[in-house]
Amino acid sequence: KRRGGGCQQRSCKLVEFNAFIDNMEVIELPLVGRRLSWIRAGGGAMNRLDKALVSLEWLQECQTLHNTC
């Protein structure tokens, strides 16, 4: 068996997921507030885990909605 095959499979799944998102024609809502939603104790790792994807049609219907986290 070849080592690291899981990474290649994971990479393939990410490509498939990104293609799915592109095909859905959604956009990411900009968040207001904190730029990062997760910080490891000690600050060794920081990331933004929270995302909100919406269609352009939904965005046009809800122009007055503000996403504040």
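Which residue forms a salt bridge with Lys13?

1. That partner is Glu16, and the closest N and O atoms of the pair are 3.9 Å apart. A salt bridge here is a side-chain nitrogen of Lys or Arg within 4 Å of a carboxyl oxygen of Asp or Glu. Counted by this rule, there are two salt bridges.

2. On the basis of the numbers: this is a predicted model, in which local features need pLDDT of at least 70, side-chain atom pairs count only at pLDDT 80 or more, and totals for chains, interfaces and linings use all residues. Residues are numbered from 1 along each chain as its sequence is written, and side-chain values use heavy atoms, with hydrogens and water left out.

3. Glu16 and Lys13 lie three residues apart in helix 1, which means about one helical turn separates them. Helices (H or I, at least four residues) and strands (E, at least two) are DSSP runs, numbered from the N terminus. Glu16 is partly exposed at 45% relative accessibility, and Lys13 is partly exposed at 46%. For these classes, buried means under 20% relative accessible area, exposed over 50%, and partly exposed in between (1.4 Å probe, protein chains only).

4. Lys51 forms a salt bridge with Glu28, with the closest N and O atoms 3.6 Å apart. This pair links distant parts of the chain, 23 residues apart: Lys51 sits in the loop between strand 3 (46-47) and strand 4 (53-55), and Glu28 in strand 1 (residues 26-28). Lys51 is exposed at 54% relative accessibility, whereas Glu28 is partly exposed at 33%.

5. Phe17 belongs to helix 1 (residues 5-24) and is partly exposed, with a relative accessible area of 47%.
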